[in-house]
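Me: I'd like to go through some of the labels on this model with you. Could you show it and take my questions one by one?

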Amino acid sequence: MTAKKQTKEIIRYYGLGRRKASVARVYIQPGNVEFKINEKDAKKYLNSDILIQDALSPFVVTNTANTFNIIANVNGGGLTGQAGAIRLGIARALLEASNNEYRNKLKDAGFLTRDARVKERKKYGLRKARRARQFSKR
């Protein structure tokens with residue numbers, strides 16, 4: 001007689017978020033409110049309570065704060081762009097977790113829209129994308 005292993009299947013929900021040059025792959029699972037970014041504690045990684053509040057705002061809108069563990073893998077861009085990418089990833093993962101129950105709340109708050117603004121490329125003959133050299137008549 002062989003013993004069967006009882007495996008507890010971990011339920012994870014996935015969301016991909018992008019903002020500026022940042023890409024965030026976010027996994028949420030029911031748990032005791034752990035927030036890790038690139039295997040570090042979120043407070044140590046983001047350095048700012050405002051950025052953490054921004055990233056966690058989909059939970060506030062849907063009244064699901066303190067119910068999920070969050071694991072985010074982020075690369076590219078700066079901290080503000082990364083926080084925005086995490087926010088979009090969390091919102092998409094919440095949609096997957098709730099079977100579109102929170103869709104209207106998240107959509108009204110603007111969390112399901114990808115912010116398409118990115119830095120404009122530098123053009124030749126200019127100092128930056130649009131900044132020309134200073135003009136002088138003499």
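Predicted model: local features only at pLDDT ≥ 70, side-chain atom pairs only at ≥ 80, totals over all residues.

Reply: Gladly! Helices and strands here are DSSP runs, numbered from the N terminus, and a helix needs at least four residues.

Me: Why is Arg 127 called partly exposed?

Reply: Its relative accessibility is 46%. Partly exposed covers what lies between under 20% (buried) and over 50% (exposed), so Arg 127 gets the partly exposed label. Arg 127 also belongs to a positive surface patch, whose members include Lys 119, Arg 121 and Lys 128.

Me: What makes Ser 22 buried?

Reply: Ser 22, found in strand E2 (residues 22–30), has 1% relative accessibility. Buried means under 20%, so Ser 22 counts as buried. A polar atom of the Ser 22 side chain lies 2.8 Å from the backbone oxygen of Gly 76, and one lies 3.3 Å from the backbone nitrogen of Gln 82.

Me: How do you know that Asp 115 and Arg 19 meet in a salt bridge?

Reply: The N to O distance between their side chains is 3.5 Å. The rule asks for within 4 Å, so the pair is a salt bridge. Asp 115 lies in the segment after H4 and Arg 19 in strand E1 (residues 13–19), so the pair ties together parts that are 96 residues apart in sequence.

Conventions:
Residues numbered from 1 in each chain as written. Heavy atoms only, no water. Patch = residues over 30% accessible without salt bridge, like charges linked within 9 Å, V, L, I, M, F, W, Y side chains within 5 Å. Areas by Shrake-Rupley, 256 points an atom, 1.4 Å probe, with all protein chains shown as cover. Lys, Arg positive; Asp, Glu negative; His and termini not counted. Charge placed at Lys NZ, Arg CZ, Asp CG, Glu CD. Buried < 20%, exposed > 50% of the residue type's maximum accessible area, 1.4 Å probe, protein only. Helix = DSSP H or I, 4+ residues; strand = E, 2+ residues; numbered from the N terminus. Polar contact = N/O pair within 3.5 Å; in protein donor to acceptor, adjacent residues only side chain to side chain.
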